[in-house]
Amino acid sequence: MTHNSTILVTGASGNVGRQVVSQLLAARSGTVRALTRTPAGAGLPSQVDVRQGDLSDPVALEAAVAGADVVFLMWPFHSAEPAVVVVDTIKHHARRVVFLSSGAVQDGFLPEQQHHPVGRSHARVEQLIEQSALSWTYLRPSTFAANTLWWADQLRAGDVVHGAYGAVPMALLHEADIAAVAVRALTEDGHDRATYHLTGPEVLTQAEQVRTIGQVLGRPLQWVELSREAARRRLLADDSFPDTFVEPLLDGYADMLAAPRPTITHTVEAVTGTPARTYRAWVCDHAADFR
Ligand SMILES: NC(=O)c1ccc[n+]([C@@H]2O[C@H](COP(=O)([O-])OP(=O)(O)OC[C@H]3O[C@@H](n4cnc5c(N)ncnc54)[C@H](OP(=O)(O)O)[C@@H]3O)[C@@H](O)[C@H]2O)c1
């Protein structure tokens, strides 16, 4: 891969995309372009070639991807509906895509056979990329540590997190580690047709995650278990949480509770040379969000 490639980062204002942008800039790996619907509010660094557009708008996407060699693709939609046009547009310009897929995708099942809706949409995008002439790498991360920012309002107001499925075990990932793997795949040879199953280095239940936040903040924080119905009502009343994602989220937790404990992978270290960060390290990086 040449050092003067142009890399288009979609989802550049999001958890992972923002890290991809800053790590690409730090690595001085070519020209960094970013797609956002709202450039003024995206807060992207001045060295970034910011392009305004919606992924579901083929004209805007075409303008953003023209002249790009490699694309970091994140999928912000709850269905795969726009994917045919998105992949078609990318393949006419770029030669390679690194797709932020999901650990919800189960190997050996067609998209329509996937159990979870997130698995269905991401598996379909993977399928379309594979059917194109693009070179590709898929990142299939486990649960993001950043999801625990959903508790920030509760923890700014008191010492308790109310939620359902507190015993669900998760191998939470720091967004910087997902981005570090993405940056390797975007800038180095040797990652073509690789599917990277990414996890953090430890398994913690939701209740243990709350205790870890408390240890970092120096407060006696507690998880208070709600029934699924009470948690559903609470999430639906939360304006910052999309209503359409409430049932898939709770279904996902129920599945994770019934499934074997997550298996830790060492893929972050294998690809980047550095072990995945702990959840405690993530909380230290985001402590101000909970205060
Ligand atoms: N959360 C998890 O535990 C988890 C686990 C595995 C996989 N994933 C996958 O990771 C992805 C989420 O990544 P993230 O947390 O980094 O994202 P995020 O923080 O939720 O940010 C969403 C990004 O999507 C962009 N966006 C939203 N709608 C858009 C549209 N119509 N066109 C163009 N851009 C749009 C937003 O950009 P602007 O507002 O600037 O346009 C923003 O940068 C999802 O595909 C999810 O399934 C998540």
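This is a predicted model: local features need pLDDT of at least 70, side-chain atom pairs count only at pLDDT 80 or more; totals for chains, interfaces and linings use all residues.
Seven strands make up an open sheet, and their order is 3-2-1-4-5-6-9 with parallel pairing. Strands of a sheet pair through backbone hydrogen bonds, in either a parallel or an antiparallel sense.

At one end of the order, strand 2 (residues 31-36) pairs with strand 3 in the parallel sense over four bridges. Within this pairing, leucine 35 has arginine 51 of strand 3 as its bridge partner.

**Helix 3 and its cover**

Helix 3 (residues 58-65) has Ala60, Leu61, Ala64 and Val65 as its buried residues. These residues lie on the same side of helix 3, because the arc they cover around the axis is only 120 degrees. An α-helix has 3.6 residues a turn, so residues three or four places apart point the same way. The elements that cover the buried residues of helix 3 include strand 1 (6-9), strand 2, strand 3, strand 4 (70-74) and helix 4.

**Helix 4 against helix 5**

Two packed helices are described by the angle and the distance between their axes. The axes of helix 4 (residues 83-91) and helix 5 (residues 117-131) come within 10 Å and cross at roughly 35 degrees. The crossing of helix 4 past helix 5 is right-handed. Helix 4 contributes Ala83, Val84 and Val87 to the contact, while helix 5 contributes Arg124, Val125, Leu128 and Ile129. By class, the residues of this contact comprise six nonpolar, no polar and one charged.

**Positive phi at two arginines**

Arginine 28 and arginine 193 are each non-glycine residues with a positive phi. Their values and positions are set out below.

| Residue | Phi | Loop | Relative accessibility |
|---|---|---|---|
| Arginine 28 | about 50 degrees | between helix 1 (15-27) and strand 2 | 70% |
| Arginine 193 | about 60 degrees | between helix 7 (175-187) and strand 9 | 53% |

Exposure requires over 50% relative accessible area. Arginine 28 therefore counts as exposed at 70%, and arginine 193 also counts as exposed at 53%.

Notes:
Residues are numbered from 1 along each chain as its sequence is written. Side-chain values use heavy atoms; hydrogens and water are left out. Two strands pair if DSSP finds at least two bridges between them. Helices (H or I, at least four residues) and strands (E, at least two) are DSSP runs, numbered from the N terminus. Axes are lines fitted to C-alpha atoms, for helices over the stretch in contact, and angles run from 0 to 180 degrees between N-to-C directions. A crossing is left-handed if the near helix is turned anticlockwise from the far one by less than a right angle, and right-handed if clockwise. Contact means heavy atoms within 4.5 Å. Ala, Val, Leu, Ile, Met, Phe, Trp, Tyr, Cys and Pro count as nonpolar, Asp, Glu, Lys and Arg as charged, and the others, Gly among them, as polar. Buried means under 20% relative accessible area, exposed over 50%, partly exposed in between (1.4 Å probe, protein chains only). The arc is that of the directions from the helix axis to the C-beta atoms.
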